[in-house]
Amino acid sequence: MSNEIALTLNQIHRKTWYWLRLNDIKLTVDTDLSPAVFKPEMSDKVTLSPDGFDIETVGGCGPQFNDLLKEAALTPSVFTTSGQSQRVRLTYDLTTNEKTQAGQVGLVLAENAEMTAVMDYVTPQEKEGTALIQTQVDLKAGSHLTLVQIHRENDQFRVINDVKGQVGDRALLTLIQVVISGKQNIIGVQVELAGYKSRLDIKNGYQVLGDHLLDMNYYIPQTGRRTNSNIVLNGVLRDKAVKNFRGTIDFLKGSSASKGAERENVLLIDDGVVNKSLPVILCHEEDVEGAHGASIGKIDNATLFYLESRGLSEQEVYEMLAKSHLLSVISQIPDPAVKGEIKDYIERTEE
């Protein structure tokens with residue numbers, strides 16, 4: 001017998017008007033959790049252990065999600081390195097059992113270390129399910145982590161993807177998220193830029209099809225001096241898809257001379273889609289620079305006419321631009337093998 005609980009996830013840091021229906025998202029999940037199964041591949045200078053995971057830190061999905069995983073008493077998988085050009089790949093088979101799956105992953109980089117970590121959420125079988133995955137990053141001074149997360153679940157599966165952590169002095173976190181498929185993808189990110197000249201670069205490419213849902217919440221508190229955050233999203237909505245985006249850059253006290261920017265480009269292909277975007281910039285310091293912008297809609301008539309005059313049909317124009325939204329993010333994955341595999345996967349699913 002299942003034991004379900006109602007969760008409030010992806011709460012925006014400062015509430016807006018209720019009628020916008022963007023303050024949070026409410027979901028019901030089963031509390032009978034089993035460990036998420038993944039296949040690890042890693043470089044020689046990467047160590048795997050269950051130690052060093054601070055589950056008290058809250059991620060972008062919020063405190064209720066964090067408490068649920070804490071009560072489950074999961075054994076985290078913590079990958080640490082002090083080396084350069086290290087690699088970690090975690091391929092999740094999310095249809096290995098009937099229960100709701102959950103997992104916690106830690107990525108810890110020593111001073112001046114460098115790592116690329118790929119987390120690939122896959123559902124080889126067509127069956128319903130839910131996976132709860134939490135990732136914590138801890139970047140020491142001068143380190144650089146490129147974290148790639150790929151959502152390619154089936155049309156009946158739901159993934160709640162929570163990211164949290166801290167970036168130290170002169171360290172850089174590059175977060176690349178690619179959403180290709182999945183019934184519901186819930187993504188929450190809360191990463192603190194705590195160190196002097198710490199940086200965060202988020203690139204998200206997504207497509208939402210059918211009656212599927214993508215719900216995202218990014219909260220970036222900047223507490224260190226001369227920090228820099230940049231969020232860029234390129235997305236495509238089709239059919240009756242729903243997408244919610246909340247992006248908050250928070251310049252807290254002590255973050256003087258810091259910068260932050262967020263930009264979203266959304267291509268709306270069908271009339272039945274629902275798109276909601278809420279970019280927010282909060283300032284507790286005067287000497288900061290914040291910017292946000294969005295380009296949302298269908299292809300403008302001038303561009304459409306130009307491309308049609310070059311021999312393309314309207315459908316071909318939309319398909320070309322839709323693919324370019326995803327590929328613009330996929331092309332920035334630093335692992336050539338992973339990049340090629342994802343491009344091939346998209347080609348196969350379009351046939």
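Colleague: Is Phe-245 buried or exposed in this model?

Modeller: The model is predicted. Burial is read from relative accessible area, and under 20% counts as buried. Phe-245 has a relative accessible area of 3%, so Phe-245 is buried.

Colleague: Which ring pairs with Phe-245, and how do I read the geometry?

Modeller: A pair of aromatic rings is described by the distance of the centres and the angle of the planes. Here Tyr-218 is the partner of Phe-245. The centres are 5.9 Å apart, the planes make 55°, and the pair is tilted. Tyr-218 sits in strand E16 (residues 213–222), Phe-245 in strand E18 (residues 242–251). They are 27 residues apart, so the pair links distant parts of the chain.

Colleague: What else does Tyr-218 touch, leaving out residues up to four places away in sequence?

Modeller: Its contacts include Gln-177, Ile-187, Val-189, Arg-246 and Thr-248. Tyr-218 is buried, at 0% relative accessible area. In the largest nonpolar core, of 52 residues, Tyr-218 is one of those touching the most other members. Tyr-92 and Leu-107 are also among them. A second, separate core has 16 residues, including Leu-33 and Phe-65.

Colleague: How many aromatic pairs does the structure hold?

Modeller: Three. One of them joins Tyr-92 and Tyr-121, tilted, at 5.3 Å centre to centre and 55° between the planes. Tyr-92 is in strand E7 and Tyr-121 in strand E9, 29 residues apart.

Colleague: Which residue lies over the face of Tyr-345?

Modeller: Arg-152, at 4.9 Å from the ring centre.

Terms used:
Residues numbered from 1 in each chain as written. Predicted model: local features only at pLDDT ≥ 70, side-chain atom pairs only at ≥ 80, totals over all residues. Heavy atoms only, no water. Core = buried A, V, L, I, M, F, W, Y, C linked by side-chain atoms within 4.5 Å. Buried < 20%, exposed > 50% of the residue type's maximum accessible area, 1.4 Å probe, protein only. Contact = heavy atoms within 4.5 Å. Phe/Tyr/Trp six-rings, centres within 6.5 Å; stacked < 30°, edge-to-face > 60°. Helix = DSSP H or I, 4+ residues; strand = E, 2+ residues; numbered from the N terminus. Lys NZ or Arg CZ within 6 Å of the ring centre and 35° of its normal.
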